[in-house]
Amino acid sequence: MTDHDATPDLTGPDLSESYALSINGRDREVADAWLGESLLYVLRERLGLPGSKNACEQGECGSCSVMMDGLLVNSCCVLAADAVDADVRTVEGLAPDGTLTDVQQAFLDAGAVQCGFCIPGLIVSVHDLLDRAPQPDELEVREAISGNLCRCTGYGRILQAVQDVAAARTAADAQEDRP
Amino acid sequence: MPIARPTSLDDAVAVLADDPAADVLAGGTDAMVEISFDHRRPRHVLALRRIDELRQVTTTSLGVRIGAMVTYGQIERDHATLLPGLAMASRTVGSPQIRNAGTIGGNLGTASPAGDALPWLLAMDAEVELASVRGTRRLPVAAFVTGPKRTARADDELIVAVHVPAMEGPQHTAKLGPRNAMVISVACTAVVLDTAARQVRIGMGAVGPTPLRAPDAEAAAAEAIDWDALRADGTAIAAFGQACAAAASPIDDHRSTAEYRRHAVGVLASRSLTRCLAA
Ligand SMILES: Cc1cc2nc3c(=O)[nH]c(=O)nc-3n(C[C@H](O)[C@H](O)[C@H](O)COP(=O)(O)OP(=O)(O)OC[C@H]3O[C@@H](n4cnc5c(N)ncnc54)[C@H](O)[C@@H]3O)c2cc1C
Ligand code: FES
Ligand code: FES
């Protein structure tokens, strides 16, 4: 019988693990980590990748969003030791160091960034959306970012930034297609 | 070995046979929250992510077998025609991030009274397939979920799949919460019309210790429906909602009062039935 209401036994040794992860196309060694560590924790505290933010640690806010094997997930809900053999892409991997992606630039141009805490997660989610649906309507955008909470902006300028990128990409594609 | 990462079901059940106390890890959306908040401290994890056979949705003449590791995202993207009610329910779960990770097997494993896949599985008379080194067995969802967050799974058993019978007829699910995304159900319903057997079935979530059926409401609605036209009059639809509300046994908690839940589940039941008939 499973009984999740029983008082958990929190005694005993903390088991440690060593394993390799593939982050942004590079193999990274993780040595002597506690078995229960989340991917978010390992990225931030062990691998020097603080772009993914920790705002809730319970899957609610999306500020820790990463791509894992091509799927958008919350890295706080992934056991790091189980991310072995997965292709993990974080916000740091979207553009070469010191440069911005079109989505990041559009967020700045639209004034969609206030405190900025939610933004790395939103950037990852919006890249995922636009890869799947290059010309999303407003409802699609709202659904795609429904797991990314922003406490500052009220989302208006974020929605605007997404439409700006979609329009710019469409215009660029049209330019390319011209004979 | 603190974490086992088997690639086959046989290896996975062998791990559980050796250590029935191992923490089974599917998508992690329930388990990792427990771990991060120190409600659970894993000593030995059995990770299921690499077992391909648990990720399959397969059809037979009898129905559909949904592997335990099938995610909500897979259902809504790839199986909405085959499993319309489950796809509707899946779309209401958490956020895109949660739906890409969270699995049907995990929803059964957690067995929350508010688990959004469970009312539809119950309405479909689905059966949970469990496996261990001792063999496999199948249990109806109603027998598998024994109480709030309690199941009939033995410690050495894995949930490997859930079987739903083939069924002709419209289906609809509805969920109520404070917003459209990222909420735990205050109440939810799944209504399926079995047009061949001329039966109405409802599963109700978050209004009892386990997901509930409403047999009296189902029988009365089946009588009232004109099955050839797939129509029912407004009085019968309202009576269905009232009978479902009467069959619920909700509680007060921080998300809602029992009284509101009872009211809400009646409204959702009528609405789901209406949508089935209009479809
Ligand atoms: C932010 C957030 C929002 C959520 N929103 C919703 C929602 O709207 N609706 C809803 O219903 N749920 C919701 N959930 C809960 C959760 O996402 C679901 O219950 C999901 O189906 C769990 O699946 P999982 O694969 O992530 O399970 P895990 O977390 O990996 O496992 C859950 C439990 O089941 C056990 N288990 C898993 N698979 C098996 C198996 N094959 N055999 C034996 N035991 C197994 C595990 O040991 C664990 O106890 C939400 C969770 C979060 C964090
Ligand atoms: S920190 Fe992961 S979702 Fe909030
Ligand atoms: S900009 Fe502050 S939370 Fe979004």
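Chain A has 5 helices and 6 strands. This description rests on a predicted model. Read from the N terminus, the elements of chain A follow the order β-β-β-α-β-β-β-α-α-α-α. Along its principal axes, the C-alpha atoms of chain A occupy a box of roughly 65 × 35 × 30 Å.

Two residues of chain A stand out by their backbone angles. Most residues other than glycine have a negative phi. A:Asn24 is not a glycine, yet its phi is positive, at about 50°. This residue sits in the loop between β2 and β3 (26-34) of chain A. A:Glu57, likewise a residue other than glycine, has a positive phi near 55°. Its place is in the loop that runs between α1 (39-46) and β4 of chain A.

Attention can now turn to the place where chain A meets chain B. Chain A brings 50 residues to the contact, and chain B brings 45 residues. Together the two chains bury an area of about 3,700 Å², and 50% of it comes from carbon and sulfur atoms. Across this interface, 12 residue pairs are in polar contact, with both residues at pLDDT 80 or more. On the side of chain A that touches chain B, at least two residues each are supplied by β1 (2-3), β2 (16-23), β4 (65-68), β5 (71-74) and α4 (138-144). The largest share of that side, 4 residues, belongs to β5(A). Sorted by class, the side of chain A that touches chain B contains 22 nonpolar, 16 polar and 12 charged residues.

Salt bridges also link the two chains. The whole structure holds 26 salt bridges over all chains, and the count between chain A and chain B is 6. One salt bridge brings together the side chains of B:Arg49 and A:Asp69, at 3.6 Å from N to O. Another salt bridge pairs B:Arg50 with A:Asp85, whose closest N and O atoms are 2.6 Å apart. B:Arg50 lies in the loop between β3 (45-47) and β4 (57-59) of chain B, while A:Asp85 lies in the loop between β5 and β6 (87-89) of chain A, so this pair joins two chains.

Two packed helices are described by the angle between their axes and the distance between the axes. For helix α9 (residues 215-224) and helix α10 (residues 234-247) of chain B, the axes come within 9 Å and cross at roughly 170°. Angles over 145 degrees count as roughly antiparallel, and α9(B) and α10(B) are therefore roughly antiparallel to each other. On the α9(B) side, the contact is made by B:Ala217, B:Glu218, B:Ala221 and B:Ala224. Facing them from α10(B) are the contact residues B:Ala236, B:Phe240, B:Ala243 and B:Cys244. By class, this contact of α9(B) with α10(B) has 7 nonpolar residues, no polar residues and 1 charged residue.

Technical notes: Residues numbered from 1 in each chain as written. Chains lettered and ligands numbered in written order. Predicted model: local features only at pLDDT ≥ 70, side-chain atom pairs only at ≥ 80, totals over all residues. Heavy atoms only, no water. Axes fitted to C-alpha atoms, helices over the stretch in contact; angles between N-to-C directions. Parallel < 35°, antiparallel > 145°, perpendicular 65-115°, else oblique. Contact = heavy atoms within 4.5 Å. Nonpolar A, V, L, I, M, F, W, Y, C, P; charged D, E, K, R; others polar. Buried area = accessible area lost by both parts, 1.4 Å probe. Salt bridge = Lys/Arg side-chain N within 4 Å of Asp/Glu carboxyl O. Polar contact = N/O pair within 3.5 Å; in protein donor to acceptor, adjacent residues only side chain to side chain.
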